Amino acid sequence: MFNSTVLVEPTNICNLKCVMCEARCTVEAGNEKVQYLMPDQLDIMLSKLNGYISNVVFQGDCEPTLNPYLEGLVDVARKYTEQVAIVTNGIMLTPERIDSLIANGVTWFALSIDDHREQIYNGIRKYSDFKKVEQNLDYLIKVRNERNNSIFIVTHKIVFENDTIDSLKEYVKYFYIDKDVNKITFAPLVCEGSIKKKNWIIIRNKLENSLIQENIHINLSDFANYPYATLHKYCGTNLFFISHEGNFAPCGLHTRDGNNFGNLLVESLEDIKEKDVFKEYHSFWKNRKYDCKKPRVCENCYLLRSPYFKYCLNEGYEAGKCFDLEKV
């Protein structure tokens, strides 16, 4: 195995209904059974991955702050890494919750905020409230500036087909210049496995160039709103995913189809690594033989079909030829 980011899904519920989300939506459909990942369960699983964890990110087909035991989960994660992140829609990220999460060891906050204009944002994220999210963000920034400058703050935006360079530039100015967040990440809308804004890389480069002309220097190349760094990597996302039920997968894209390596609550890592599906996956990315057949768990990955792959893998011209990249 390679050292990787570990995404951890803390629960199976969310409090919003977003127009672009293909994950489970529980706020209107109702919940058959609310499930919370417990700290002792996470400890069991991370102990099996100990030595391979670059950082832990609480994220998934859910809203992490809805787990009342989230602080305990963070405390467990800090046993295995110093870098703990949370990706949240921000509506429940109150000042009290911010203080408690920081006290337990969260160092990186990524807030999913899809527009800087209140009316448009509220139309995208049903049941949210732009003003409340903005107030929570402002408090987090204040804590970073006045009490803990090691806190890293990201705003993440889905890029829709009707977004323009001008509107994206205003988003950057609002959050990066006026609010002073540490980083902004953009990811184009994905619908049914297809990236809708196929020329996003071209638009992004034009956006960066336009901002440079105004003496605003910002790197918008990252599409992932969490930190990761390692000498060796799997695909460009370089992560493993643990669902709220303990299912272990190469990334969050596989949880919806049940295409997992195994379950870390009931299986040992050694047993999982002996499975053909894992051996195939690891061997492909270890040997980097891009002229061979893709691992079965990667067959339908939109990332590997998109020009994003070339950017996030960053391994030269030959890499990715077998992935049939979509044309822009």
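**Basis of the entries**

I note that this is a predicted model, in which local features need pLDDT of at least 70 and side-chain atom pairs count only at pLDDT 80 or more, while totals for chains, interfaces and linings use all residues. Residues are numbered from 1 along each chain as its sequence is written, and side-chain values use heavy atoms, with hydrogens and water left out.

**Nonpolar cores**

I then turned to the cores, a nonpolar core being a set of buried Ala, Val, Leu, Ile, Met, Phe, Trp, Tyr and Cys residues joined through side-chain atoms within 4.5 Å. Buried means under 20% relative accessible area, exposed over 50%, and partly exposed in between, with a 1.4 Å probe and protein chains only. The largest nonpolar core has 72 residues, and Leu46, Phe58, Phe109, Phe186 and Phe248 touch the most other members. Helix H6 gives the most to this core, with 6 residues. Apart from it I recorded another core, of 11 residues, which includes Val57, Trp108, Val154 and Ala249.

**Helix H6**

Helices (H or I, at least four residues) and strands (E, at least two) are DSSP runs, numbered from the N terminus. For 17 residues the span should be 24 Å, and the end C-alpha atoms are 24 Å apart, which agrees.

In H6 I listed Phe130, Val133, Glu134, Asn136, Leu137, Leu140, Ile141, Val143 and Arg144 as buried. Their cover includes helix H4 (95–104), strand S5 (108–112), helix H5 (118–124), strand S7 (152–159) and helix H7 (165–178). At the N-terminal end, Asp129 caps H6, with a side-chain oxygen 3.0 Å from the backbone nitrogen of Lys131.

**The sheet**

I traced an open sheet of 9 strands with mixed pairing, in the order S8-S7-S5-S4-S3-S1-S11-S12-S13. Strand S8 (183–188) and strand S13 (262–263) stand at the edges with a single partner strand each, so one side of each has no neighbour in the sheet. Two strands pair if DSSP finds at least two bridges between them. Strands of a sheet pair through backbone hydrogen bonds, either parallel or antiparallel.

For S3, I found 5 of the 6 residues buried, so the strand is largely enclosed by the rest of the structure. S3 pairs in the parallel sense with strand S1 (residues 4–8) over 5 bridges, and Leu7 stands opposite Val57 of S3. S3 also pairs in the parallel sense with strand S4 (residues 84–88), over 3 bridges; there Phe58 has Ile86 in S4 as its bridge partner. By contrast in sense, strand S11 (residues 239–242) and strand S12 (residues 247–249) pair antiparallel over 2 bridges. Ile242 has Phe248 in S12 as its bridge partner.

Is Asp114 buried or exposed? I found Asp114 buried, with a relative accessible area of 0%, in the loop between S5 and H5. Its side chain makes a polar contact with the side chain of Arg125 at 2.5 Å. A polar contact is a pair of N or O atoms within 3.5 Å; within protein, one must be able to donate a hydrogen and the other to accept it, and residues adjacent in sequence count only if both atoms are side-chain atoms. The side chain of Asp114 also reaches the backbone nitrogen of Ile158 at 2.8 Å.

Asn67 lies in the loop between strand S3 (53–58) and helix H3 (70–77), and I noted it as buried at 0% relative accessible area. The side chain of Asn67 reaches the backbone oxygen of Leu37 at 3.1 Å. Leaving aside neighbours within four places in sequence, Asn67 is in contact with Pro10, Tyr36, Leu37, Leu73 and Arg97.

**Positive phi**

Most residues other than glycine have a negative phi. I found a positive phi of about 70° at Asp180, which lies in the loop between H7 and S8 and counts as partly exposed at 41% relative accessibility. Phi of Asn215 is near 65°; Asn215 counts as exposed at 61% relative accessibility.

Key. Expected span 1.5 Å × (residues − 1). Contact = heavy atoms within 4.5 Å.
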